[in-house]
Amino acid sequence: MHNLGQTRSAQQPNHLLLTPDTFVRTAWPGMKAGTAIVHAGPALGARFTQYTAEFASGGELGETTAQRFLYVLEGQLKLEMDGRESDLGVRGYAYLPEGTPHRVVASEASRVAVIEKSYQPLRSAEKPCAIISSEDAVRSHALNDDPSLEVKCLLPDTMNFDFAVNSMVYQPGASLSMVEMHVMEHGLLMLEGGGIYRLGDSWYAVTAGDFIWMGPWCPQWFGALGKTPAKYLIYKDGNRHPLSETPPAGTPR
């Protein structure tokens, strides 16, 4: 049925809501038997790139010169690095430092969330090492002592890393305790359930499959609705002084 131009997707200078009905798939050199749905990147004003890669069995992701974070949404991947092979199933993830030679191959039809960012080195900290793990192996903690809102930190909170990726689970009716406004930007992929997101001066109904980009100082708040928990995967930059980077032209500040 024709939607007569209607969609929940919306873009404002400091945020983006991208819903599956507006997804456009593409491919680039090095990618085999797969396509990518680009959610955020420099063209948007983001200082990172995030996309969902979809593969047929045997599909390959291709190379990157940037840091890369992978999180398996469906299927199974084989990661080849340093002469070793590792299998990543659903909720499996990997962090690959900038310049790490590696190969990502889908063992079966798969979907994977991919985050890439140029690394900002620190003289006082060594570059981070590769990580291969599973969300299931990470212990959760309550956000602000609220047991209805659980967080799993998938990367170490150390100065080696210039970004973080967390999963967050809200029990039905749970919400953030405040409207947040800060220098960090976010890339957020809804994994399960849904709720209401405040972005800037707008309020959006969101559900599994939606993507949200939040620029620096975008007012943001989320509350879970429905009878099942809401869960999302969220990226944020951090651990660097604001003067240590130069944002792309057109980035909201």
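Colleague: What relative accessible area does G89 have?

Modeller: G89 counts as partly exposed, the class between buried (under 20% relative accessible area) and exposed (over 50%), using a 1.4 Å probe and protein chains only. Its relative accessible area is 28%.

Colleague: Before we go on, which atoms do the side-chain values use?

Modeller: This is a predicted model, where local features need pLDDT of at least 70 and side-chain atom pairs count only at pLDDT 80 or more, while totals for chains, interfaces and linings use all residues.

Colleague: Thanks! How far apart are the C-alpha atoms of G89 and T19?

Modeller: G89 sits in the loop between β8 and β9; strands (E, at least two residues) and helices (H or I, at least four) are DSSP runs numbered from the N terminus. T19 is 70 residues away from G89 along the chain. Their C-alpha atoms are separated by 25 Å.

Colleague: And what is the C-alpha separation of G194 and T207?

Modeller: G194 belongs to strand β17 (residues 194–199). With a relative accessible area of 9%, G194 is buried. Along the chain, G194 and T207 are 13 residues apart, and their C-alpha atoms are separated by 4.0 Å.

Colleague: On to the rings: is the F69–Y93 pair stacked or edge-to-face?

Modeller: There are twelve aromatic pairs, meaning Phe, Tyr or Trp rings (for Trp, the six-membered ring) with centres within 6.5 Å; planes under 30 degrees apart are stacked, over 60 edge-to-face and the rest tilted. For F69 and Y93 the centres are 5.6 Å apart and the planes at 25°, so the pair is stacked.

Colleague: How many residues apart in sequence are the parts that this pair ties together?

Modeller: Both F69 and Y93 are buried. F69 is in strand β6 (residues 67–74) and Y93 in strand β9 (residues 92–96), so the parts tied together are separated in sequence by 24 residues.

Colleague: Which residues do ring pairs link into a cluster?

Modeller: A pair of aromatic rings is described by the distance of the centres and the angle of the planes. Here, ring pairs form a cluster of F48, Y95, F161, F163 and Y235.

Colleague: Which residue forms a salt bridge with R103?

Modeller: A salt bridge needs a side-chain nitrogen of Lys or Arg within 4 Å of a carboxyl oxygen of Asp or Glu, and the count comes to 15. In this one, the closest N and O atoms are 2.6 Å apart, and the link runs from strand β10 (residues 103–106) to strand β5 (residues 49–60), 43 residues apart.

Colleague: How accessible is D162, the salt-bridge partner of K117?

Modeller: The closest N and O atoms of K117 and D162 are 2.9 Å apart. K117 lies in strand β11 (residues 110–117) and D162 in the loop between β14 (146–153) and β15 (163–170), so the pair ties together parts 45 residues apart in sequence. K117 is buried at 5% relative accessibility, and D162 is buried at 0%.

Colleague: Which residues share salt-bridge partners in one network?

Modeller: Here salt bridges are joined through shared partners into one network. Its members are R25, E54, E74 and R111.

Colleague: What volume does the largest pocket have?

Modeller: On a 1 Å grid over the protein atoms alone, a pocket is an open set of points where a 1.4 Å probe fits, with protein on both sides within 12 Å along at least five of seven lines; lining residues have an atom within 4 Å of a point. Points are joined across faces, edges and corners, and the volume is the space filled by probe spheres set on them. The largest pocket is lined by 32 residues, with L143, N166, M168, E180 and K236 nearest its centre. Its volume is about 570 Å³.

Key:
Residues numbered from 1 in each chain as written. Heavy atoms only, no water.
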